Structures are given as structure tokens and as C-alpha cells.
Amino acid sequence: MNDTGEPGADGAFGPYDAYTVRDPEALSRNLARALEQLGKAASEWLEPRENGTLVDQGPISFPEVAATIGKISEYWLADPARIMEAQTRFVGGCFAIWANTLRRMAGETPQPPVAPAEADKRFRDADWSRHLFFDVMKQFYLFSSRWAEDMVARAEGLDPHTRDKAAFYVKQITQAVSPSNFVLTNPELFRETMATNGENLVRGMRMFAEDMAAGRGQLRLRQADYSGFEVGRNLAATPGKVVAENRLCQIIQYAPAGETVLRRPLLIVPPWINKYYILDLTPEKSLIAWMVEQGHTVFVISWVNPTEAHAALDWRDYIEDGILFGLDTIEAATGEREVNAVGYCVGGTLLSAALASLAGKGDDRIRSATLLTTQVDFTDPGDLKLFVDETQLELIEASMAKGYLEGAHMATAFNLLRAGDLIWPYFVNNYLRGKEPLPFDLLYWNADATRMSRANHLFYLRNFYLKNKLVEGTLEIGGERLDLSRVTIPIYELATREDHIAPARSVFLGSRAFGAEATYVLTGSGHIAGVVNPPSRGKYQYWTGPAPSRHETLDDWLAHATETKGSWWPHWQAWIEPQSGERVPARQPGGGRLSPIEDAPGSYVKVRS
């Protein structure tokens, strides 16, 4: 038996036997059942579009994709010599693959002209290389994808934003058309379909229809088995009470873990893009629970999941009814006026703006700030800026006619940034292999999306991502111009090395915008895993060094930084404890001054989008 798939002397097809139909009748029956489920998914997709209830079409506009890629085409088509060069490179690559195929058919074992990257998990099955059909399909796909990406990279005369968008869109297209995403061109899927007579497709299309219905006409891709998790039971389960609430948030105070606590309380300002309990996942991963164990009296803001009633709330409201409301609540509950504050992601950006506002008013209640993966300088804000320009802001604004942006919009945007990890593997596993994803607390949280109120979200995108006003000193909130140089309290800046949302270089630049030197710490891993990294796991590492100077880059800083294995949490505790005062008797939620409203995690966090 050779690579061509000809039968051997005994008439058996050997390795190709796995690709033959076992039971034609069962296969036909199952394909019909799968098509029936696909029809149900199509109906779920069509209904909201026919009745006009679906406004938000997602973070990518197809006319925008066509217009952006069209600019690449214009460059190459403008000069006959250029397009001839591009065609020659493409045809030459195709001939190289064909020549390699002929040599294999002749019994040789040549090195393939193109091979997947070492980290590419899509083509690890042996049959991608062993069988000619799949090998040729793989090589042609890899070559054509790289050729298309090169066409973008070599196009001249484009502004950086257009080039980045074009590269992003081309990558989305090439990842979508990968042969690994189709049954007939993926050896693993082909074999499984033949082995089960298509039962995998029946299961998969049933899940596909269920997920389309769950998304009310937009695919809500399941990334984990969510059935084993419940907020308040095994997520966000640290004991505490909601001690105050208003139209925008609830304030949770956590019960102490010992007889004494540090005098200065801690206020956590989480992002409103997704929910606060990323910092209070399962008990063994909870940063909030760990902080309580270290002796902090922890308060956290739990933001409301916005509705039409919150459409006009903007950054001034989030500062006044969020952070300042939290400060007032802490003083009422504990009698302490001074606090340490922690902000995560956009919660840290909001906290930074609030610090500048408080400094301008002479309000010194926040005595230190910890900023986790927080951007204040949006000069180099990472891949999310691909979704922010005037054209796309108009589309986003139009999609918020109801007064808010649907939670699925931002969830899809974040997934698209890492589509090769967060979309296509789940698409293949769920809908083509028909296998339920495994339970995963972090992905449950990731799927628990929040809506964005219209005024607040547009203010953020326009004034930070598009115009970078905060670091330039031109941002005004409530008629007050904010000046970060007036913030002179101790600052702890945490960045993660593989962050695609708040890049480490961007956080580094922002750490130099304050009026005091910041303690800059860089951790391994990404935006979530680098932060939620308890010491008990012994994972990753972090780097420490002198405060960033205004004349050095992140690479300069790293060249002299000290690497330490494990979690950054103990390092932060060593930094924050001297600023937290002496030990005092432990405080119960409300402190006898405020009547608890309900048990943590409260009702706001349980509202689903």
C-alpha cells in the first residue's frame, strides 16, 4: 500500500479504510437529521432579521472589511508590474507544491515547501502529512494564507491603522477558510464522521441550533460546560454583604478572615466590561479571598448590567455614583476616611481619571492606587483599536439605538482578537465533532457578558482610544480638565507580558504619566491568567525593577529587571501592607452603621445579558 490509496494485494485499503462509508443507510439518515437541525439554526438566525429586532450586527462590518481590503487591491492593481510580481510569486509557490507532490507520488520523501508553525495545533494529526490529499490541501492553504498576509505587509502608502485593519481582516478570513474547519478536508473530522456514520454531525448541529437560539439570532458560541457553575455558589462565593447600592452599582463588603485587619480599607474598581467576579472565581483562584486572608477589609464595586434606563450615564456618573459612592460607603461602614484603591483594566482607567479629578479638588481620601493591566496612555493601545475609528464608531453608535451595546458585541470582539484560540477550535469541537466543551470557570465568566451603556461606552472609545485625551491633559469631565501629573500618591502598575488588550508597552508608557514614580511590575502570561495567578499554583513569573524613567523603553527596563518565579500577589502585599496602617479589630460588613441589603455577591451581578 502506498500514499496514493490504491488497495493492497488483499484488496484492503489500509490507512484509507478509515475514510470509507461503513453504513450508507445510517450515514444518510444522520445527515438528514443534521440538516434538520441546521434548518432550525437558520430559522433562529433569520427570525430577528425579518422582524427587525436585531440591530447589533457585531463588531465587524462586512462593507468595512471590503473597503479596507479594497485599498490593498488598489495598490497592487495600480501598477501592472506589481500585479505581475504578485501573480508570479503565487504561481511559483503553487508549482513548488505540485512538484513536491509529484516527487512523493514517485516514492521520494522530499521536505515540504511550506510547513505549519510549530505552535499551530490545527495540523498535528499524522494524516495531514501522511496522505497526499490532506498534505496538498494543508500546504496550499498555508502558502496562500502567507501570500495574502504578505500582500498586506508589502502594500505601500497606507496609514498604519488601515494596514493593521487589513492585516486583521485577512487573518480572520484565512483562519475561517482553514481546511481544518471542514469535515471533508480535515482527516480527524472525516474519520470520526465515517466511524460514527455522521452521529457527530447530528449532535453538533443540535448544539449549533441551541447556541443560535441562545444568542437570539447571533451565534453564542459555547466555550465551556456551564452547567457546573453558579454565581454565588462556587463562583463569587467569598462571604460578604451588599452594604449599599444605587442606580449604577452595589458595594460589597467582605467578612474578615481573622480577629484583626489592617486599618486602611481596600476599594476594588473592576471593569464594567464583563463582571467583577473574575477577581473572585473559584475559592482557590480568588484574589479577593486572598486579600481578605492577608488582613484587608475589602470592598468591591459590582456594576449594574445596563438597560435603556442607563443610556445617558457617562464617565462622570461612573466616577461619582461608583468610585465616590464607594468611598462614602467605606467611611460610613468603617469610620475610616482614607483607603487604598485597586483598579482592573478599564476600571483602572476610570480610577486614574478619578484620581486626577480628586487631586484637582484637594480630595485625598485615596492614599495609594494599584492599577492592574490598566491603560492611561493609548498611544499604542493594542488590537482593540482595530475596532475604533470614526467609521466604526458611527456603526457602534447606530447599533446602540436601544441605549446600550449588547454584551455579545464586546464578547465577539474579544474572541476575534484570538480567533485561532477562542473561536475555531470550539467551532470544530462543538459543531463538527459533536463534543461538549469541558467545564472551565474562567470561560464561564467570559461568557457572562455585560451590556455597555451608550453614553459611557462612546465617551470611552472616542476620548481614550481615538483621541488619547487623558494622558495629553485635554480630557474634561463635568467641566473639569484632568491632569494626571497632580496625582502624587504611590502607584503600583501591573502589566502582563502577553496582554493583547492592555499591552505591556502601553501600560509602561502610562506609568510615567503620573506625578509620582510608579512601581512597575511585569508578569508572565496574559490579561487574565497573569493577574489571576494565586501563589499556590506556582505558575509564571514576574519582573521588578526601578521606576520607569521618561527616557527608557520597556525593553530598556527589562534588560535590568529582576525575574522572580511564581505569583506577583506576595510582592504586591509586601508593597501595600506598609501603606495600610496598624492592625485593628476585625470589622463585620456594615460595621453596625450600615444595614446589609443582601448576601454577596448581590443581585446586580446575577443579571444576564
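The legends below describe close-up views of one predicted protein model.

Residues are numbered from 1 along each chain as its sequence is written, and side-chain values use heavy atoms, with hydrogens and water left out. Because the model is predicted, local features need a pLDDT of at least 70 and side-chain atom pairs count only at pLDDT 80 or more, while totals for chains, interfaces and linings use all residues.

**Figure 1. Confidence along the chain.** The protein chain has an average pLDDT of 93, where pLDDT is the predictor's confidence in each residue, from 0 to 100. A score of at least 70 is reached by 97% of the residues. Over residues 1–13 the pLDDT is below 50. Beyond near neighbours in sequence, this stretch has 13 contacts in the model, a contact being heavy atoms within 4.5 Å.

**Figure 2. The peptide bond between Ala 600 and Pro 601.** Most peptide bonds are trans. The bond from Ala 600 to Pro 601 is cis, with omega near 10 degrees. Pro 601 is placed in the segment after strand 17 (598–599); helices (H or I, at least four residues) and strands (E, at least two) are DSSP runs, numbered from the N terminus.

**Figure 3. Two residues with positive phi.** Most residues other than glycine have a negative phi. Asn 197, in the loop between helix 7 (187–195) and helix 8 (199–214), has a positive phi near 55 degrees. Ala 236, in the loop between helix 8 and strand 1 (240–245), has a positive phi of about 50 degrees. Asn 197 is buried, with a relative accessible area of 15%, and Ala 236 is buried at 2%. Buried means under 20% relative accessible area, exposed over 50%, and partly exposed in between (1.4 Å probe, protein chains only).

**Figure 4. Cysteines without a disulfide.** A disulfide is a pair of cysteine sulfur atoms within 2.5 Å, and by this rule the count is zero. The closest cysteine sulfur to that of Cys 249 belongs to Cys 345, and the distance of 18 Å is too far for a bond. Cys 249 is buried, at 0% relative accessibility, whereas Cys 94 is partly exposed, at 22%.

Figure 5. The structure holds two cavities of 30 Å³ or more. On a 1 Å grid over the protein atoms alone, a cavity is a set of points where a 1.4 Å probe fits but cannot get out, and lining residues have an atom within 4 Å of a point. Grid points are joined across faces, edges and corners, and a volume is the space filled by probe spheres set on the points. The largest cavity has about 220 Å³ of space. Of its 23 lining residues, Leu 384, Met 410, Tyr 460, Leu 461 and Tyr 465 are the closest to its centre. Helix 11 (346–361), helix 13 (407–417) and helix 17 (454–466) each give two or more residues to this lining. By class, the lining has 17 nonpolar, six polar and no charged residues. Ala, Val, Leu, Ile, Met, Phe, Trp, Tyr, Cys and Pro count as nonpolar, Asp, Glu, Lys and Arg as charged, and the others, Gly among them, as polar.

**Figure 6. The second largest cavity.** About 70 Å³ of space lies in this cavity. Its lining residues include Trp 272, Lys 275, Trp 303 and Tyr 604. The lining divides into seven nonpolar, four polar and one charged.

Note on methods:
On a 1 Å grid over the protein atoms alone, a cavity is a set of points where a 1.4 Å probe fits but cannot get out, and a pocket is an open set with protein on both sides within 12 Å along at least five of seven lines; lining residues have an atom within 4 Å of a point.
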